[in-house]
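Let's take a friendly walk through this structure, one feature at a time. Have the sequence and the model open side by side.

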Amino acid sequence: MISDAMKFKAFRVSERTLNGKTEYAGEVADRAVGDLPAGEVLIKVQFSSLNYKDALSASGNRGVTRQYPHTPGIDAAGEVATSSTPRFCAGDSVLVTGYDLGMNTAGGFAEFIRVPSNWVIPIPTGLSVRDAMILGTAGLTAGLCVEKLILNGISAEQGEVLVTGATGGVGAISVALLAKLGFTVIACTGKPDQESFLRSIGAASVIDRQTLSEASPRTLQKERWTGAIDVAGGQLLRNIITSLRYGGSVACCGLVDSPTFEASVFPFILRGVNLLGIDSVNLSIEHKARIWEKFATEWRLPNLERMALEIRLQDLPAALGTLQKGRGVGRTLLNVSRTSNPSATSK
Ligand SMILES: NC(=O)c1ccc[n+]([C@@H]2O[C@H](COP(=O)([O-])OP(=O)(O)OC[C@H]3O[C@@H](n4cnc5c(N)ncnc54)[C@H](OP(=O)(O)O)[C@@H]3O)[C@@H](O)[C@H]2O)c1
């Protein structure tokens, strides 16, 4: 029986101002179930995962999180502890990604979350709770990008598909998924030393990010890519748009380089290229569930564990710092109830 007084562990980020400078720091703290926001489903979290947005929340980005102290974690998966709706029963394996989780609602970097039932997705047969969080928001986003490219006519026979930020979460799962579906994947990375990792998850070749980031005054460049998945924005996105082949498409999902980019209409009106927007956060629950079902069946990835580095709650400050500096490789999986050193399960 779970009471409001029951204590659990959570990673809490607090703000403090010293000499006019505001700083943000996180630590593992005790919370009570009664501290959690209202919601129909209380979930005992087994795994969460780290996404770029968590690093923003943990470092005081007000566009992500308005009030501190706060528990980040935009992903969570585990077992239903209690449910006030008949749609879920205690013991069901479920996941939550996006909506307000980890932004202004206490998130998955904790042993419990409480959320509205319309945020909760049953984990489909074929995926474990652990698999679900190795994928997490990054996987869902990669899946949405691939789905939209295919809906816009990109097929495996047509040529090369570029993935930027290829060693990152969205990037690595995009590489692996596109390769599984038979695409020739060109991985663009700022970490050339990770070439063997990128090839091991399916990249046909690897390009140094710098060569694709150079400013060019040309409104059209040599046609190279049939399709692309871009997490960067900025100059990289501009260069991709001007290098898409006739009728090609780029799925735009991130801003790790810049939230803005310069463009002209020429690639659109002379080559008929498409700029496809991707949102994994406020997407309908039905659409999210369809993507998860695909990852459990025809999109099942054989190399998920190769992409995963498992950490504990107390490892979060270092792991979030690594992600914020763009130095992460693959997916960082948070085992919330683990206290011993998980290095035995890291890649
Ligand atoms: N639209 C959505 O719904 C949605 C969902 C999830 C994520 N996102 C966004 O997608 C982006 C990636 O998220 P993530 O969770 O995959 O982050 P991540 O795991 O931290 O990966 C980001 C990767 O981008 C590359 N990178 C870093 N700095 C860069 C720069 N200045 N220019 C170009 N590339 C750079 C690095 O990979 P390399 O060293 O291999 O280049 C880095 O590992 C973020 O902007 C995030 O907000 C959007």
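In helix α3, the residues G169, V170, G171, A172, I173, S174, V175, A176, L177 and L178 are buried, where buried means under 20% relative accessible area, exposed over 50% and partly exposed in between, with a 1.4 Å probe and protein chains only. That makes 10 of the 12 residues of α3. Helices are DSSP runs of H or I with at least four residues, strands are runs of E with at least two, and both are numbered from the N terminus. This is a predicted model, in which local features need pLDDT of at least 70, side-chain atom pairs count only at pLDDT 80 or more, and totals for chains, interfaces and linings use all residues. Residues are numbered from 1 along each chain as its sequence is written, and side-chain values use heavy atoms, without hydrogens and water.

α3 covers residues 169-180 and reaches 17 Å from its first C-alpha to its last, close to the expected 16 Å, which is 1.5 Å times one less than its number of residues. After α3 comes G182, with a positive phi near 95°.

Now for some backbone details. Most residues other than glycine have a negative phi, and most peptide bonds are trans. N19, in the loop between β1 (7-18) and β2 (21-32), has a positive phi near 50°. N19 counts as exposed because its relative accessibility is 81%. Y99 has a phi near 50° too, and sits in the loop between β5 (93-97) and β6 (112-115). At 13% relative accessibility, Y99 counts as buried. Finally, the peptide bond from Y68 to P69 is cis, with omega near 0°, and P69 lies in the loop between α1 and β4 (75-83).
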